[in-house]
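I open my notebook and look things up one at a time.

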Amino acid sequence: RSGQHLTTVNELTDQIPATRPEVIVAAVECLVSLGPIKATKVLSEEDKGAIIAGVFSIHTDLPLAMARIYSYVIPGTTVVSPVSMEYFTGHLLVNGISPGDRVIVIDDTLSTGGTIVSLVKAVRSIRADVVDIRIVVEKLGFGGRDRLRNELGLDVKAAIGVVIDPDTNRVVVRR
């Protein structure tokens with residue numbers, strides 16, 4: 001249990017065991033296979049999505065922008081966006097997005113949608129557009145997909161969906 005909900009502990013997002021390079025490559029290949037990429041820039045957060053977004057950036061030859069949790073602000077370039085997610089409440093500091101950018105948001109997991117909502121609001125405040133959201137794993141039943149659609153008018157593409165059974169603590173994978 002990580003905060004409000006049951007969560008998964010796995011090689012890709014928690015480095016338990018240490019993440020093998022082929023797992024990262026497989027995750028990125030799954031994200032790329034979800035359809036054409038019409039973005040000019042990749043955005044992710046510095047925690048669990050960063051390594052996936054970095055490799056995605058290299059694979060697609062798109063520049064990488066990053067949202068950070070620790071606070072340093074570069075005047076004129078940093079957007080501070082409040083975030084409330086399953087296991088953290090605070091602010092994300094977004095650097096590297098410019099007006100007119102067409103942004104693809106990459107993350108490891110969609111649960112309640114807090115991280116993605118914060119990232120999209122930051123991008124929009126810069127007068128850039130989020131043209132795609134791709135997630136490796138969607139935790140089904142946690143409301144994230146509905147929240148993105150209802151609050152932001154955006155859809156998400158997920159490589160896989162998982163259900164965590166609260167009675168057995170087992171994960172069931174659904175495509």
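Entry 1: I started with Asp101, which is buried, with a relative accessible area of 12%. The model is predicted. The cut-off for buried is under 20%, so Asp101 qualifies at 12%. I looked up its place: Asp101 sits in the loop between strand S4 (89-95) and S5. What does the side chain of Asp101 make a polar contact with? I found the side chain of Lys41, at 2.8 Å. Then I listed the contacts of Asp101, leaving aside neighbours within four places in sequence. They are Thr40, Lys41, Gly96, Ala128 and Asp129.

**Entry 2: the largest nonpolar core.** Next I went to the largest nonpolar core, which has 24 residues. Which of them touch the most other members? I noted Leu43, Ile97, Ile116, Ile133 and Leu148. I then asked which elements supply this core. S2, S4, S5, helix H4 (114-125), S6 and helix H5 (144-152) each give at least two residues. H4 gives the most, with six residues. I also found a second, separate core of 16 residues. Leu31, Phe56, Leu62 and Ile106 are among its members.

I took Ile97 for a separate look. Not counting residues up to four places away in sequence, Ile97 touches Lys41, Leu43, Ala65, Val103, Ile126 and Ala128. Lys41 and Ala128 were already in my notes, as contacts of Asp101.

**Entry 3: helix H3.** I turned to helix H3, residues 50-60. Which of its residues are buried? My list reads Ala50, Ile52, Ala53, Gly54, Phe56 and Ser57. Then I checked what the buried residues of H3 pack against. Two helices are there: H1 (11-14) and H2 (21-32). The strands are S1 (41-45), S2 (64-68), S5 (102-110) and S6 (129-139). After H3 comes Asp61, whose phi is positive, near 60°.

**Entry 4: Val136.** I found Val136 in strand S6. Is Val136 buried or exposed? Val136 is buried, with a relative accessible area of 7%. I looked up its contacts, again leaving aside neighbours within four places in sequence. They are Leu12, Ala27, Leu31, Ile52, Asp107, Asp108, Ala158, Ala159 and Ile160. Ile52 is one of the buried residues of H3.

Entry 5: I looked at strand S7 (residues 157-165) and strand S8 (residues 170-174). How many bridges pair them? I noted five, in the antiparallel sense. Gly161 has Arg174 in S8 as its bridge partner. S7 and S8 form a hairpin, with four residues between them. In the turn, Asn169 has a positive phi of about 60°.

**Entry 6: salt bridges.** I searched the whole structure and got twelve salt bridges. Side chains of opposite charge can pair when their charged atoms come close.

- Arg20 pairs with Glu22, with the closest N and O atoms 3.7 Å apart. Arg20 is partly exposed at 42% relative accessible area. Glu22 is partly exposed too, at 48%.
- Glu46 pairs with Arg68, the closest N and O atoms being 3.7 Å apart. Glu46 lies in the loop between S1 and H3 and Arg68 in strand S2, so the pair ties together parts 22 residues apart in sequence. Glu46 is partly exposed at 22%, and Arg68 is partly exposed at 23%.
- Lys157 pairs with Asp132, the closest N and O atoms being 3.4 Å apart. Lys157 is in strand S7 and Asp132 in strand S6, so this pair ties together parts 25 residues apart in sequence. Lys157 is partly exposed at 31%, whereas Asp132 is buried at 10%.
- Which residues are linked in a network of salt bridges? I noted Glu138, Arg145, Asp146, Arg149 and Asp155.

Notes: Residues are numbered from 1 along each chain as its sequence is written. This is a predicted model: local features need pLDDT of at least 70, side-chain atom pairs count only at pLDDT 80 or more; totals for chains, interfaces and linings use all residues. Side-chain values use heavy atoms; hydrogens and water are left out. Two strands pair if DSSP finds at least two bridges between them. Buried means under 20% relative accessible area, exposed over 50%, partly exposed in between (1.4 Å probe, protein chains only). Contact means heavy atoms within 4.5 Å. A polar contact is a pair of N or O atoms within 3.5 Å; within protein, one must be able to donate a hydrogen and the other to accept it, and residues adjacent in sequence count only if both atoms are side-chain atoms. A nonpolar core is a set of buried Ala, Val, Leu, Ile, Met, Phe, Trp, Tyr and Cys residues joined through side-chain atoms within 4.5 Å. A salt bridge is a side-chain nitrogen of Lys or Arg within 4 Å of a carboxyl oxygen of Asp or Glu.
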